[in-house]
Amino acid sequence: MKHDRKVIVYIAQSVDGYIAKKDDDISWLSIVDAPGEDYGYGEFVENIDTVIMGRRTYEKVLSFGMEFPHKERKTYVLSNSKNGSDDNVEYYSGDVRELINTISSNSGKHIFVDGGAEVIKEFVRRDLIDEYVISTIPILIGNGVRLFKGTERENKLELVESNSFPSGLVQNRYKVVRGEDKQV
Ligand SMILES: NC(=O)c1ccc[n+]([C@@H]2O[C@H](COP(=O)([O-])OP(=O)(O)OC[C@H]3O[C@@H](n4cnc5c(N)ncnc54)[C@H](OP(=O)(O)O)[C@@H]3O)[C@@H](O)[C@H]2O)c1
């Protein structure tokens, strides 16, 4: 049985379309930090119970030296160089469509595709994303890791919600428009 668990990309980019600098610096994200303002992230994570990220993003998260933020959730890290699991995550090297099919065969909350760009590219290429929440930070960073790498896939998107904040952050939520249910 297929359950209605959405696969959602929730990510921040610079105005010129990068999610990190060439050296993986993401400190520029903090220019929009404001007391009491989480840009809806807390509410978003309340509605997910599964996280998928790439090995490079996972290592970046670990480099902060804080407690892993998704301890209460099932987290898969895509990797062809690592396998098994650690205290926080399970490594996965198989077909991502099969992963989503397996997760979606059980009931639960939505599925967060955290990034980075390589993982998003694979999910877009396989047409597995249902929603994008993209926060655009008011900065040009000039180089780095592009949010969207070429996939040759066209997807029509419906803008569901758009909010701008005093910090200059603009957050858009898009639904992927499909003529019929996605092939899962
Ligand atoms: N701005 C934001 O909100 C945001 C969000 C997330 C990440 N980031 C940043 O983005 C950067 C990382 O992005 P990235 O695109 O370079 O790397 P990434 O997508 O995080 O990780 C790439 C790695 O994931 C594994 N992988 C990807 N697709 C796979 C597949 N289909 N099957 C098996 N393994 C797969 C491979 O690991 P192996 O090499 O181990 O095989 C690959 O080297 C970091 O700087 C991170 O901080 C920013």
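Reader: Which residue stands opposite Val9 in E7?

Author: Val9 stands opposite Tyr132 in E7. Before going further, please keep in mind that this is a predicted model, in which local features need pLDDT of at least 70 and side-chain atom pairs count only at pLDDT 80 or more, while totals for chains, interfaces and linings use all residues. Residues are numbered from 1 along each chain as its sequence is written.

Reader: And in what sense do E1 and E7 pair?

Author: E1 and strand E7, residues 131–137, pair in the parallel sense over seven bridges. Strands are DSSP runs of type E with at least two residues, helices are runs of H or I with at least four, and both are numbered from the N terminus; two strands pair if DSSP finds at least two bridges between them.

Reader: What about E7 and E10, parallel or antiparallel?

Author: E7 and strand E10, which covers residues 170–177, pair in the antiparallel sense, with six bridges, and within that pairing Val133 stands opposite Arg173 in E10.

Reader: What is the order of the strands in the open sheet?

Author: The open sheet has eight strands in the order E5-E4-E3-E6-E1-E7-E10-E9, and its pairing is mixed. At the edges are strand E5 (90–92) and strand E9 (156–164), each of which pairs on one side only. Direction ignored, neighbouring strands of this sheet are turned by 25 degrees against each other on average, where axes are lines fitted to C-alpha atoms, for helices over the stretch in contact, and angles run from 0 to 180 degrees between N-to-C directions.

Reader: Which strands does H2 touch where it packs on the sheet?

Author: H2 touches E3, strand E4 (74–78) and E6, and its direction makes about 105 degrees with that of E3; contact here asks for C-beta atoms, placed from the backbone, within 7 Å. H4 also packs on the sheet, touching E1, E3, E4 and E6, with its direction at about 130 degrees to that of E6.

Reader: Changing topic, how many residues surround the ligand?

Author: There are 26 residues around the ligand, and the closest are Ala20, Gly54, Thr57, Gly115 and Gly116, with a residue taken as near if its C-beta atom, placed from the backbone, lies within 6 Å of the molecule. The elements that give two or more residues to this shell are strand E1 (7–14), strand E2 (18–20), helix H2 (55–63), strand E6 (110–115) and helix H4 (117–125).

Reader: Finally, how many helices and strands does the chain come to?

Author: The chain comes to four helices and 10 strands, and buried residues make up 26% of its 184 residues. Along its principal axes, the C-alpha trace spans about 45 × 40 × 35 Å.

How values were computed:
Contact = placed C-beta atoms within 7 Å. Buried ≥ 20, exposed ≤ 12 C-beta atoms within 10 Å, placed from the backbone.
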